[in-house]
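Colleague: Hi! Could you walk me through this one while I have it open?
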Amino acid sequence: VVYQKPMELLLDSKIGTGYIWNKVFRREAIGNVRLDESIVYSEDQLFIVEVLFATTLAVVVPQVFYHYMQRQGSLSWQDGNYEIWQGNFRARQLIYKMVIEKSSDKRLQQYAFSEYVKAIFALLRYTIKYRDKDEYNRIIKTYKSDINEYVHDGPLTLGKKIEYSSYSNSYRVASLIHYYPKHIR
């Protein structure tokens, strides 16, 4: 399949634009784009988005040429540490800003915003799980308007709206709902 608008690859969930291991790039398409080594998770998606913005054509082939093996000790299998989730957030935030600056496609903007806010919720989940109330409060204070916009206007099921609202309205409520029941059993 040939994409005349490479950024549309982000909207196709079957393509998998969140990882680099199943992609081949022409050197000209990469240009000066490099992996951001200061981001320890999701840096590959940031790289891919930067390359997609820099190119005018993308081709997807249905054949599988790569065998992907996961090790249980790898980063993908771990709960991680806060630095990992901050990296994921930073990558998603940069992608969102890039999409807003460079694309007028509302579907793409909505996708990037959704991924950015989901990364905020990943940070909130981590702070609740590891009992960091101060960081939880900082995140809520800093990103409350984006969280509220997504919860109220985003393409969410009622169940997801309730879940996300429970994470973002009160540290105590979020802790009771999402942390304590798992440890009481």
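Modeller: Happy to. One term before we start: contact, or touching, means heavy atoms within 4.5 Å. Also, keep in mind that this is a predicted model.

Colleague: Good. Which residues does Phe121 touch, not counting those up to four places away in sequence?

Modeller: Phe121 touches Ile147, Tyr150 and Val151, and also Tyr164, Tyr167 and Ser168.

Colleague: And which residues touch the most other members of the largest nonpolar core?

Modeller: Those are Ile120, Phe121, Leu124 and Ile147, in a core of 25 residues. At least two residues of this core come from each of helix 3 (82-102), helix 4, helix 5 (133-153), helix 6 (158-169) and helix 7. Helix 4 gives the largest share, with ten residues.

Colleague: What lies apart from that core?

Modeller: Another core, of 23 residues, including Met7, Ile15, Phe47 and Val51.

Colleague: New topic: which residues are buried in helix 7?

Modeller: In helix 7 (residues 171-178), Tyr171, Ala174, Ser175 and His178 are buried. Looking down the axis of helix 7, its buried residues fall within an arc of 100°, so they line one face of the helix.

Colleague: What does Ser170 do at the start of helix 7?

Modeller: There, a side-chain oxygen of Ser170 comes to within 3.3 Å of the backbone nitrogen of Arg172.

Methods
Residues numbered from 1 in each chain as written. Predicted model: local features only at pLDDT ≥ 70, side-chain atom pairs only at ≥ 80, totals over all residues. Heavy atoms only, no water. Buried < 20%, exposed > 50% of the residue type's maximum accessible area, 1.4 Å probe, protein only. Helix = DSSP H or I, 4+ residues; strand = E, 2+ residues; numbered from the N terminus. Arc of directions from axis to C-beta. Polar contact = N/O pair within 3.5 Å; in protein donor to acceptor, adjacent residues only side chain to side chain. Core = buried A, V, L, I, M, F, W, Y, C linked by side-chain atoms within 4.5 Å.
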